Structure formats: structure tokens, C-alpha cells
Amino acid sequence: MESPENFAPMGIIFDMDGVIIHSNPLHIKAWRTILARENVSISEEDFTNIISGTTGDTAIRALVKRDLTQEEVNRINLSIDAEYRSMVKQMDELEPVEGLRDFLQCILRSGHKIAVATSAPTANVDLVMDKLRLREYFQLIVDKTGITHGKPHPEIYLKTLKQMDMPASQCVVFEDSLAGIRAAVGAGIKVIGVTTSHSDEELKGVGASVTIRNFDEMSTDHIIAVMGRN
């Protein structure tokens, strides 16, 4: 670790779904189950290109081919989230993305700040954090509660920077979705893409500086190198 007088803490921000946990297969199943009731079928491409990384409202309106009131959108969204939580609760074992726990421990030992910024609702976040036993690692969790504009709008990352009391230049974001990367880039933060949902080329195409498959490939030195890139 650097000497105290030279030490500059970094803010390391994680999306949740697809970054902290391999949850996309469960989310796809939840969306398919609930939207089937609306006579809508969901392909993996629909999930990847329309749904992933968003708060859900815009995706629901795009996929359900009829006019919906906000009350109807809210009902569908809540049903999808409840279906997802039901599946997670039934799982005997749930593991984070490979290497994450060791990486979080390394960040904490180095004295850096760690946050989550996710489009998921609080109930989903609480379930994942408690089931994975990861809550102790994060000083701040920002979810969709109180967010007016979902990703790719930068609001959630701007709010996270403000609550961390750190400038964008001292932070980095781990994201797996195209919408999430666009949101972080829009907030002026460097992004490390996680290829759990998209290819290296797709993630870099919307602004990721580098990509990783999992956190076995990551260290604080790697983050410092990314933050130093133009």
C-alpha cells in the first residue's frame, strides 16, 4: 500500500446483475414467465439488447405491443422481480462471479471505497447480498429506488459519485450491459467491461476501456492502469 501522505483512495463501483452474480439466466426465465401472460415471447437477444441493465419500464413498453398505463407497467415489473426472487430463494447454492470475493477483500485491504450501483430494486439487492454474504464489503449501495432515469441515463452513477464524495476521475465501474456502460461513460467514469452478457468487441464498442471474463483477472494495479488511460 502507498504511504498515507501519498495514498489516494479509489472509488470502485460494481453493477450487480451479471457483474456480482451470474443472474441473467434467472432473469430471462422470470421475464419469459411473466410476459407469457401478456402473450409476449422473449428471446435471448431481446433480453440482451432491450432488457439487460435497465430498470424495466422502457423494456416492458417496447416488448408488450399495446398501450400500457404506468400502473400496468408497475404490475408487470413487480411480478417479474417477484418471480426472480422466488427462483433465487429456491436455490441451494448461489455463488458470486469467479474471483469476486478475493478481489473485494484485496480492495478493502488497500483502503479503497467500494459501492454498488444497480438498476435492481432494493428487495432483489437485499436478497443477493444476504444470500452471497457480500454486504460487508460495500460501503454504499445505490439501487433503482429514487432514480428517475434508468440506465443508459447517467443519473445512477452521478448519484453514486455524489454519495461517495469522489470525483469521476478517481473511480472505475465494472459493468456487463451496454446500457450500463453508456451510463457510466456518460457520468465521466472509466469502465471495465465484464463479458458475462456481451462480447469484448460489443463492450468496447460502447465505451469500455478493457474487458475481463471474471475477477480472477483483476487487481488494484490493473484498475490504476485503466484509470491512467486517456
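Reply: Let's start with the packing: the buried residues of α6 sit against α1 (24-35), α4 (70-90), α5 (100-109), β2 (113-117) and β3 (140-142). Contact here means heavy atoms within 4.5 Å. Helices (H or I, at least four residues) and strands (E, at least two) are DSSP runs, numbered from the N terminus. This is a predicted model, where local features need pLDDT of at least 70 and side-chain atom pairs count only at pLDDT 80 or more, while totals for chains, interfaces and linings use all residues. Residues are numbered from 1 along each chain as its sequence is written, and side-chain values use heavy atoms, with hydrogens and water left out.

So who's tucked away? Helix α6 covers residues 122-132, and its buried residues are N124, V125, L127, V128, M129 and L132. Buried means under 20% relative accessible area, exposed over 50%, and partly exposed in between (1.4 Å probe, protein chains only). In an α-helix there are 3.6 residues a turn, so residues three or four places apart point the same way.

Now for D126 and D130. D126 counts as partly exposed at 32% relative accessible area, and D130 is partly exposed too, at 48%. Both pair up with R135: the closest N and O atoms are 3.1 Å apart in its salt bridge with D126, and the N to O distance is 3.2 Å in the one with D130. A salt bridge is a side-chain nitrogen of Lys or Arg within 4 Å of a carboxyl oxygen of Asp or Glu. R135 itself is partly exposed, at 35%.
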